[in-house]
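Please keep the sequence and the 3D view open beside them.

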2 protein chains.
Amino acid sequence: MTTDAKYARVAIIGMGLIGSSIARGLREADAAEEIVAYDADAAHLDRAVELRIADRVEASIDAAVSGAHIAVVATPVGVAADHVVDAARRMSPDGLVIDVGSVKAAIVEAARGADAAAGCIVPCHPIAGTEQSGPDAGIAGLFRNRWCVVTPLERTDAAYLAAVERAKAFWRLLGSEVEVMDAAHHDLALAVTSHLPHLIAFTMMGAADDLETVTESEVVKYSAGGFRDFTRIAASNPVMWRDVFLNNREAVLEVLGRFTEELAVLQRAIRWGDAETLEKSFARGRALRRAIVEAGQETDAPNFGRDG
Amino acid sequence: MTTDAKYARVAIIGMGLIGSSIARGLREADAAEEIVAYDADAAHLDRAVELRIADRVEASIDAAVSGAHIAVVATPVGVAADHVVDAARRMSPDGLVIDVGSVKAAIVEAARGADAAAGCIVPCHPIAGTEQSGPDAGIAGLFRNRWCVVTPLERTDAAYLAAVERAKAFWRLLGSEVEVMDAAHHDLALAVTSHLPHLIAFTMMGAADDLETVTESEVVKYSAGGFRDFTRIAASNPVMWRDVFLNNREAVLEVLGRFTEELAVLQRAIRWGDAETLEKSFARGRALRRAIVEAGQETDAPNFGRDG
């Protein structure tokens, strides 16, 4: 399969934000003859049919992937490993199973247990999303100009290397840039750029929730002072994020250690009125934001352009 | 002065994001015959004239506020208290001096030292802004549908109560909702909704900056995983924020204590694999975000609508 041919059949396991965005992206690119969907939630499947982003739905993973050329597992990390192995065991040897989870070492580990079927498993992570969930939340262009990290198994057989190339082609078809790295490094990098930010945003919600002196109504009214920025990622799917933290414990605790060290430095500077440390530390944000805007990963409109 | 009349002369001390937004808002509402500007940075004054948001500029606060009916002090909190007192001493007894700082107890304290002139000082805080700075960053509608908190001095004389009403009318003219509260409560509420979020965002920049194992290029590329949301407020004016933390130390340290308690709970849950605590805690974000969207303080478009 090259990007100028059509997939005869794509199976999508999990029709949430990511699964339904993939379905929409394939539709937009007219890249699949047939999209077959499975979801543990039957209402999601009904909705996928109504939205015409699935041609057919199945009540089991086995039935959904049977005869598919590519199976995409887009379920929370806690169950994705089992789903990947189940799907791989039903695929033909030249099939391809990819997942989309935010933690990759667990998938690589599970794939090792799939024996012969492991040859069609290519763990992937498209770094894109929104705070919304479910089949209606999907966006065809969600992956466009975003990075997708591919973390292949440690295999050098030609068939596997070809499968990795097919996985890369799949993401490029959806508009992504692709980067290959090992799973452990991915899990550490994402702990910094995604997992810790979510943990901190969730923590901020808890801190605001439990106050005796400031009411929720005040938090809501005065949220434009900065708090509202944190609520976007804190509104993300709780089950998905629970699984991320349970499956990337070591890396998250490591970067959390760095975060709390840095916080202790600023806390001390506030307590002792150390103006120089505060100003110097605060000046770093602008350069980093500029780099992210220049890399096309962020808008340069003030307030993300949301007030315009 | 009522909202259906025009201010004959408004003095604006500080032509940064907030000062220049006020000037633009007054222009848009056609609410001032003359806007006189002062800024410690002469380049800001030149630019204010070029942008036609000041009719006249002056090289001192005294000269700028002389003959003005209302003086707006929009300088960083560290110098604003002095500027407010200086301005008040030059105003006629029926004049009005307001500031816009994110910490109010320090201004109330300083106003007490202004003796007779204190009668025209009404401390204010419009809860609005962007991550950008300087005269070019101003937006006419910045204060529209945002809250402005007014923290009057403890005075009950009729002349002062009239000044408070004039201050409220000024913000309503710019489109704000107005709430009156005491300065200490304001400083605590804003520590939650604004100061702590900024501190945490600055901390996150520092934590990402000092890593040996993950490169800045990786942080930039994979920032769509959540990190980029923090960079907006971390790109705010470092001097302004230094002054906020130096002037609201107790309240910030108090809410920071709540934050670190909450973080410790989540850290322990991750370490021990406590799925229930994680999921339960993560579920709080959606309700809070929904309340903020419903209150008109946030967009409901996914990703703040910035990817659309």
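1. I begin with Asn303(A), which is buried because it has 23 other C-beta atoms within 10 Å; a residue counts as buried if 20 or more other C-beta atoms lie within 10 Å of its own, as exposed if 12 or fewer do, and as partly exposed in between, with C-beta atoms placed from the backbone. Asn303(A) is found in the segment after α13 (284–294) of chain A, and it has a positive phi of about 55° although it is not a glycine. Helices (H or I, at least four residues) and strands (E, at least two) are DSSP runs, numbered from the N terminus.

2. Before going further, please note that this is a predicted model, in which local features need pLDDT of at least 70 and side-chain atom pairs count only at pLDDT 80 or more, while totals for chains, interfaces and linings use all residues. Residues are numbered from 1 along each chain as its sequence is written, and chains are lettered from A and ligands numbered from 1 in the order in which they are written.

3. Arg52(A) also has a positive phi, here of about 60°, although it is not a glycine. Arg52(A) lies in the loop between α2 (42–50) and β3 (56–57) of chain A, and it counts as exposed because it has 11 C-beta neighbours inside 10 Å.

4. Which residues have the most contacts inside the largest nonpolar core? They are Val84(A) and Val84(B), in a core of 223 residues, where a nonpolar core means a set of buried Ala, Val, Leu, Ile, Met, Phe, Trp, Tyr and Cys residues joined through C-beta atoms within 7 Å. If residues up to four places away in sequence are not counted, Val84(A) touches Val73(A), Val97(A), Asp99(A), Ile107(A), Ala110(A), Ala111(A) and Ile121(A); two residues are in contact if their C-beta atoms, placed from the backbone, lie within 7 Å.

5. The buried residues of α4(A) include Val84(A), along with Val77(A), Ala80(A), Ala81(A), His83(A), Val85(A), Ala87(A), Ala88(A) and Arg90(A). The length of helix α4 (residues 77–90) of chain A can be checked, since at 1.5 Å a residue its 14 residues should span 20 Å, and its end C-alpha atoms are 20 Å apart, which agrees; the expected span is 1.5 Å times one less than the number of residues.

6. Helix α5 (residues 105–112) of chain A is mostly covered, with six of its eight residues buried, namely Ala105(A), Ala106(A), Ile107(A), Val108(A), Ala110(A) and Ala111(A). The buried residues of α5(A) pack against α4, β5 (96–99), β6 (121–122), α7 and α10 (238–247) of chain A.

7. Turning to the contact between the chains, chain B gives 90 residues and chain A gives 90 residues. On the side of chain B that touches chain A, the largest share, 18 residues, comes from α7(B).

8. How are helix α7 (residues 183–209) of chain A and helix α9 (residues 227–234) of chain B placed? They pack at an angle of about 75°, with their axes 8 Å apart, where axes are lines fitted to C-alpha atoms, for helices over the stretch in contact, and angles run from 0 to 180 degrees between N-to-C directions. α7(A) and α9(B) are therefore roughly perpendicular to each other, a term for angles of 65 to 115 degrees. In this pairing, Thr193(A), Ser194(A) and Pro197(A) of α7(A) meet Phe227(B), Asp229(B) and Phe230(B) of α9(B).

9. Leu278(B) is found in helix α12 of chain B and is buried, with 24 other C-beta atoms within 10 Å. Leaving out residues up to four places away in sequence, Leu278(B) touches Arg242(A) and Phe245(A) as well as Leu266(B) and Ala269(B).

10. Ala201(A), in helix α7 of chain A, counts as buried with 26 C-beta neighbours inside 10 Å. Ala201(A) and Arg232(A) are 31 residues apart in sequence, and their C-alpha atoms are 8.6 Å apart in space. Beyond residues up to four places away in sequence, Ala201(A) touches Phe230(A), Ile233(A) and Ala234(A).

Definitions and conventions
Angles under 35 degrees count as roughly parallel, over 145 as roughly antiparallel, 65 to 115 as roughly perpendicular and the rest as oblique.
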